[in-house]
Amino acid sequence: MTDAIPDRADLLEQLRRANQYVTFTVALRLVLIGTLAAVIRWDRVLQEPVLSVTAGLVMLGPFIKDLLMIWGQRKKRLEDIKETTRFGDLDKYKLQSLYRDTLKKLRLPDEHIPVFVTNDKTLNAGAVRISRFFGSLDGIYLHRQILHKLDGDEIQDIMGHELGHYYRFYLNADRFRILTLAIGVLVAILVIQASDLGDTVGFFAVMISSFFFWQISGMGMLKHGRAIEYLCDDFGAQVNGIESSVSGLIKLGLDDEQRQHLELEMLGRTANHKTLTQRDVATAIEKATPFGHVADEHLYESVKQELRTRAEANRQTSLSGFLRYMWEADSVDDEDYAEQLQKQAKLLNRLQRLDWESLLDDRQQIRFTESQIEQLVRMIETNPRHVLFRTIQIDDGVHPPIANRIRYLWKNRRSDISLFGNTF
C-alpha cells in the first residue's frame with residue numbers, strides 16, 4: 001500500500017496554523033527567560049561557575065557546532081568565483097543569470113542575498129537564514145557537484161527549492177530556537193542551585209535538561225518539516241515545470257545509489273585489511289570522486305588506486321603509525337563488522353528496483369517528459385513494494401522519499417491554490 005500524498009492546500013493551511021501564534025510564543029519565552037534570570041542567584045554562579053558553564057556548553061554546543069561548520073565550509077560567493085572557473089557548461093555569469101531568472105519567475109525580490117558555491121561532491125544544497133546576529137552566514141548554498149551534474153533548468157529547480165526555505169516556507173518559531181535553548185540553560189542552572197546537587201549528579205541533571213530542551217526545540221520541524229519539504233519542491237517546480245524537477249530528483253537518487261554501492265563494496269574489500277580504516281575508505285572515495293560525470297568502472301578503479309596508495313603509506317612500523325590505526329579503526333570486532341557489511345549487501349540485493357530507465361527515450365539521458373512522469377507515477381503506485389533506487393534509506397522524519405516527492409509534484413501540478421501569495 002502506497003503512502004497518501006497530501007494536497008497543496010492542506011499543506012499551506014498546516015503551515016499557516018503552525019505559524020499562527022509565533023508572536024505569543026516568542027513573548028512567552030522572553031518572559032520566562034526574564035523570570036528565570038531574576039530567580040537565579042548569579043553570585044553563586046560566579047563563585048562556582050563549573051556546572052553553570054557546563055550547562056551552557058552542553059545546551060548550546062550543538063547549535064554552536066552547526067554555526068562553526070557552516071562558517072568553516074570551503075565556499076565562495078558566486079560573484080567572487082574566478083572568471084575562468086567552469087562548472088561543466090556553466091560559468092559564474094551563466095549561474096548569476098539563472099539565479100536572477102529564478103527570482104523573476106518566482107516573483108521574489110532581488111535582495112542580493114549571498115549565493116555560495118561549496119566545494120562538496122554530494123548532490124545537495126541548502127538555505128541558511130538564522131538571525132541578524134549571524135547574518136554573514138545567511139544565504140543559498142549550492143554544492144559544486146550539483147553544478148556539474150545537473151542541467152541549467154534542474155539547477156534552477158534546486159535554487160527555487162532553497163529560496164522557498166529562505167523566503168516562504170519555514171517555521172517562524174525555528175528562527176527563535178535559541179530562546180528555547182537559553183531557557184534550557186537557565187532551568188539547568190536553577191535546578192542545580194535549588195537542589196544543591198554535587199558535581200556528578202549536577203552533570204547528569206544538565207544532560208537530562210539538555211536532552212529535554214533539544215527535543216522540545218526540534219518538535220516543530222519533526223511535525224511540520226515534511227510539509228515544508230513538499231512545498232519547497234512545489235515552489236521549485238514553478239520555475240520550469242515538473243519535468244525539470246522530476247528529472248533532477250531522479251539524478252539525485254541515482255547519484256546516492258552509486259555512492260552507497262561504491263562505499264559498501266570498498267568497505268567490504270577492506271574489512272580485514274590490516275592498515276586501512278573506515279575513515280581511509282571514506283577519504284579515498286571523496287578524493288577519487290571527480291566533479292562531474294564519470295563511468296562506474298572508472299570511478300571504481302580510481303578509488304581502488306587511491307586505497308592502494310593509502311595502504312602503502314599506512315604500512316608503518318612506528319609507534320605513531322600503530323596508534324593512528326588504533327585511533328581511527330572501528331571498535332567493532334572484525335568478524336562482526338564483516339558480518340554487518342554482508343547483511344547490508346544482502347538487504348540491498350533483496351530490494352526490487354523499478355526499471356524506470358525503460359521509460360526514457362535514451363537511458364543515458366535522464367530527461368522526463370510529462371507523459372513519462374505519468375507513466376513513472378503509475379509504475380510507482382502499482383508496485384508499492386518496489387523501490388526507485390537500491391539504497392539504504394534513513395528516515396529523518398523531515399525529508400520524504402523521492403518516490404513520494406515525485407508523486408506529490410504530479411498530483412499537485414495543476415492545483416488551483418497559488419504558492420505565490422503565501423507568506424507565513
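On a 1 Å grid over the protein atoms alone, a cavity is a set of points where a 1.4 Å probe fits but cannot get out, and lining residues have an atom within 4 Å of a point. A volume is the space filled by probe spheres set on the points, which are joined across faces, edges and corners. The model is predicted: local features need pLDDT of at least 70, side-chain atom pairs count only at pLDDT 80 or more, and totals for chains, interfaces and linings use all residues. Residues are numbered from 1 along each chain as its sequence is written, and side-chain values use heavy atoms, without hydrogens and water.

**Stop 1: the cavity.** The count is one cavity of 30 Å³ or more. Select Lys149, Asp255, Gln258, Arg259, Leu262, Ile285, Thr289 and Leu299, which line the largest cavity; its space is about 30 Å³. Next colour helix H10 (residues 242-269), which gives the most to this lining, four residues. Helices are DSSP runs (H or I, at least four residues), numbered from the N terminus.

**Stop 2: the second largest pocket.** A pocket is an open set of points with protein on both sides within 12 Å along at least five of seven lines. Of its 29 lining residues, select Lys149, Leu254, His293, Gln364 and Ile366, the closest to its centre. H10 supplies the largest share of this lining, six residues. Helix H6 (144-149) and helix H12 (296-314) each supply at least two.

**Stop 3: helix H2.** Select Leu28, which lies in helix H2 (residues 22-39). Leu28 is partly exposed, at 48% relative accessible area (partly exposed is between buried, under 20%, and exposed, over 50%, with a 1.4 Å probe and protein chains only).
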